[in-house]
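Subject: Structure handover

Hi,

Here is the structure I promised to pass on. Please open it first, then read my notes below.

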Amino acid sequence: MTKVMVFGTFDGLHDGHRDFLKQARALGDYLIAVLPQDHIVWELKGKTPKKNIEARIEHLRNEELV
């Protein structure tokens, strides 16, 4: 089994995210998406995400690719 891991904030899933996830999923049998906690997004981007981590996780769970 080949596992593929992607990293991203995924703050408001859009078609670009979905395409990225689809391409990543095509590289393996199992796709893992890693999301930073809200305070890490602040440290990296200088702003908090529009959606909190729980909402971002829930949106990814609803995507059948992840």
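This is a predicted model: local features need pLDDT of at least 70, side-chain atom pairs count only at pLDDT 80 or more; totals for chains, interfaces and linings use all residues.

Fold first. The protein chain contains three helices and two strands. Read from the N terminus, the order of elements is β-α-β-α-α. Along the principal axes, the C-alpha atoms fill a box of roughly 35 × 20 × 20 Å.

Next, packing. The protein chain has 66 residues, and 29% of them count as buried. I also looked at contacts between residues at least 6 apart in sequence. Of these, 60% join residues at least 24 apart.

Then the surface. The accessible surface of the protein chain is about 4,800 Å². Carbon and sulfur atoms account for 51% of that area.

Charges are quick to report. There are 10 positive side chains in the protein chain, and 10 negative ones. The centres of the two sets are 2 Å apart.

Last, the histidine. H17 belongs to helix α1, which covers residues 15-25. Is H17 buried or exposed? Its relative accessible area is 15%. The cut-off for buried is under 20%, so H17 counts as buried. Which residues does H17 touch, once its neighbours within four places in sequence are left aside? The contacts are F10, D11 and G12.

That is what I have for now. Send back any questions.

Best wishes

Definitions and conventions: Residues are numbered from 1 along each chain as its sequence is written. Side-chain values use heavy atoms; hydrogens and water are left out. Helices (H or I, at least four residues) and strands (E, at least two) are DSSP runs, numbered from the N terminus. Buried means under 20% relative accessible area, exposed over 50%, partly exposed in between (1.4 Å probe, protein chains only). Contact means heavy atoms within 4.5 Å. Accessible areas come from the Shrake-Rupley method with a 1.4 Å probe; for residues, only the protein chains shown count as cover. Lys and Arg count as positive and Asp and Glu as negative; His and the chain ends are not counted. The place of a charge is taken as NZ of Lys, CZ of Arg, CG of Asp or CD of Glu.
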